[in-house]
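Biologist: I would like to go through this model with you. Shall we begin with the terms?

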Amino acid sequence: MEYIDTHCHYCDEAFREDASQVIARAEEAGVKMMLQADVDSHERAGMYALCEAHRGVLCPMLGLYPGSVDENWRDEMDEMLRWRDRGAVAIGEIGLDYHYGAEYAAQQKEAFRLQLELAAQMSLPVNIHLRDATEDFFRVMEDCRHLGLRGNLHAFSGSVETFRRMERYGDWYVGIGGVVTFKKASLAETVRHIPLEKILLETDAPYLTPVPHRGERNDSSFIPLIAAKVAELKGIGIEEVAAVTSSNARSLFSLPE
Ligand code: NI
C-alpha cells in the first residue's frame, strides 16, 4: 500500500535534529510522497534544500502563511516570489487565520488574494489554511471565482455544509488528518458524508498527532492510522482509502506515478 502525506512541516524546529531520518522512516511505512508546506522567509531556503535532498519524495509548496502576515508582509511576498521557478507543486499554505486576533485581517486578505492570482498565473493548485475566518474566506473566494482555482482545505475541520459550499468553486478537496481520530471530534461524522474521491490524507506534522500518539511529535509515518480511521468510518478497506486518496493527490498536485 502507498500513501501520500499532502501537508507537513519538516523544516519546523521540532525536526531540526532528524528531519531526514523521519522522512526515510515514513517512506518505509509506505508514505511515498510528502508535500512540504511553505510558511515564510525563515524556513524557505532550508525547505528547498531539504526537498532537493529528498527529490521526488519531499515536494515543496510555495506561499506565505497567514499567521506570518504582519506589517512587513509585502517584503515577505517579494522574498517568496524569488523562489517561483523552483518547482512548487502548489501555492500554500495560504489563507486566513483570525484565531489569535484580526489585527492584520486586511493584510491577510490582500496577501491571500494576490497568492490566489499567483496560483492562477502559474496554473498551480492551492493549499488553504483557514481558521476562524470562514465568511471573509468565502468573500475572497467569491471575488476570485473567475480565476477557476482548484485546491484543498488543509486540516479540514468544518461542516459538511462548508464542504458543499466549497464545491461551488470547482474541483476542491479536503485534507483529513489526526483530528479525525480524536474521540470528541465531530469531524468523524462529517467525513462519512464527504466522498472518498474528495479526501486527501495529511499529518500537518509536527502538529495534530493522531490517537494513540497524542502528546507526541507527529510525523508522516502515522498516515496509516488516519487512513485506518477513514476506512472504519466509511466501512471500506484501508487498501481502498490508500489507493483513492493517493490517486486524488496525484491528480490535484500533478504528481508523478
Ligand atoms: Ni501547516
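Modeller: Buried means under 20% relative accessible area, exposed over 50%, and partly exposed in between (1.4 Å probe, protein chains only). This is a predicted model, in which local features need pLDDT of at least 70, side-chain atom pairs count only at pLDDT 80 or more, and totals for chains, interfaces and linings use all residues. Residues are numbered from 1 along each chain as its sequence is written, and side-chain values use heavy atoms, with hydrogens and water left out.

Biologist: How many salt bridges does the structure hold?

Modeller: The structure holds 16 salt bridges, each being a side-chain nitrogen of Lys or Arg within 4 Å of a carboxyl oxygen of Asp or Glu. One of them joins R250 to E2, with the closest N and O atoms 3.7 Å apart.

Biologist: Where do R250 and E2 lie?

Modeller: R250 is in helix 9 (residues 238-253) and E2 is in the segment before strand 1 (3-8), so the pair ties together parts 248 residues apart in sequence. Helices (H or I, at least four residues) and strands (E, at least two) are DSSP runs, numbered from the N terminus.

Biologist: Is E2 buried or partly exposed?

Modeller: E2 counts as partly exposed, at 41% relative accessibility, whereas R250 is buried at 14%.

Biologist: Changing topic, which residues of helix 1 are buried?

Modeller: In helix 1 (residues 19-28), the buried residues are A19, V22, I23 and A26. They cover an arc of only 100 degrees around the axis, which puts them on the same side of helix 1; the arc is taken from the directions from the helix axis to the C-beta atoms.

Biologist: What follows helix 1?

Modeller: G30 follows helix 1, and its phi is positive, near 100 degrees.
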